[in-house]
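Hi,

Here is the structure I promised to pass on.

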Amino acid sequence: MARVAVVDYGLCNVDSVLRALSQCGAQAYLAHDATDIKTADKIVLPGVGAFDAAMAELTRADLISPLADAVLAEQVPFLGICLGMQLLARSSEEGGAAGGLDWFDAHVRRIQPGIDERVPHVGWNEVDHDESSPILAGIPTRTDFYFVHSYHLECSEPDEVIATTPFAGRVTAVVGRGTVFGVQFHPEKSQQFGLRLLANFLAVTA
């Protein structure tokens, strides 16, 4: 049974994430410090709220270096959810020019809605992908997932964009490189296929 550290830095209700991971067969627990990170087989970084506030809390908790050591150096599989995906970027325009974890060559920008679209982007929307990534195995393209966000991730490397959703033209829905993944939607709120995505993540190995 995989030990999954769910990083708790005070900006997300983590209960639903813990329950969903447990339902998928993981031993999920809250991670508050470097010791909690070091004992993990997998790491999940959820998040709701402002980018700059999240980075400030991760810094305050002294979690940035332990996360980088585990994920980038030791290749512990990682999943960022919603704001947790956006934090993988170099920077965000939310809250000014805030710096991110800088794990992906990407920037976070406010969504520019099209005609008859509203921000925040809230509710179910389809996710388009070519069915080649292990994180989306067994999930048909154009499956609906649940979104809540006002900002989106713009990647400089097209190959790192695994899936998109047709909103405001098109926004990044899933990113991935090696054993590092991020999803803009909430798998823990996305019913059957959200659980399938989490189960797929639990199966990822370095």
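Which residue just after α1 takes a positive phi? It is glycine 25, at about 100°. Before the rest, the ground rules: this is a predicted model, where local features need pLDDT of at least 70 and side-chain atom pairs count only at pLDDT 80 or more, while totals for chains, interfaces and linings use all residues. Residues are numbered from 1 along each chain as its sequence is written, and side-chain values use heavy atoms, with hydrogens and water left out.

Helix α1 itself covers residues 15–23 (helices are DSSP runs of H or I with at least four residues, strands are runs of E with at least two, and both are numbered from the N terminus). Its buried residues are Ser16, Val17, Leu18, Ala20 and Leu21; buried means under 20% relative accessible area, exposed over 50%, and partly exposed in between, using a 1.4 Å probe and protein chains only. Among the elements covering those buried residues are β1 (3–7), β2 (27–31), β3 (42–45) and α6 (191–202).

Staying with α6, glycine 194 sits in that helix. Glycine 194 is buried, with a relative accessible area of 0%. Leaving aside residues up to four places away in sequence, glycine 194 touches Phe145 and Pro187 (contact means heavy atoms within 4.5 Å).

Now the strands. β13 (residues 180–183) is covered on both faces: Val180 and Gly182 are buried on one side, Phe181 and Val183 on the other. It pairs with β4 (residues 78–81) in the parallel sense over four bridges, and with β12 (residues 171–177) in the antiparallel sense, also over four bridges. For two strands to count as paired, DSSP has to find at least two bridges between them. Glycine 182 in β13 stands opposite glycine 80 and is also the bridge partner of valine 175. The hairpin of β12 and β13 has two residues between the strands, and glycine 178 there takes a positive phi near 65°.

Elsewhere, four strands make an open sheet with mixed pairing, in the order β6-β5-β7-β10. Its edge strands, β6 (98–99) and β10 (151–155), each pair on one side only. Strand β7 (residues 106–110) runs antiparallel to β10, and five bridges join them; in one of these, alanine 106 is partnered with cysteine 155 of β10.

Last, the charged pairs. There are seven salt bridges in the structure, a salt bridge being a side-chain nitrogen of Lys or Arg within 4 Å of a carboxyl oxygen of Asp or Glu. In one, aspartate 102 meets arginine 90, with the closest N and O atoms 3.3 Å apart. Aspartate 102 is in the loop between β6 and β7 and arginine 90 in the loop between α5 (83–86) and β5 (91–92), so this pair ties together parts that are 12 residues apart in sequence. Arginine 90 also bridges to aspartate 105, at 2.9 Å between the closest N and O atoms. Arginine 90 is partly exposed at 39%, and aspartate 105 is partly exposed at 26%.

Another salt bridge joins arginine 170 to aspartate 128, with the closest N and O atoms 2.8 Å apart. That pair links the loop between β11 (161–165) and β12 to strand β8 (residues 121–129), 42 residues apart. Arginine 170 is partly exposed at 44%, whereas aspartate 128 counts as buried at 16%. Through shared partners, salt bridges join Arg90, Asp102 and Asp105 into one network.

Cheers
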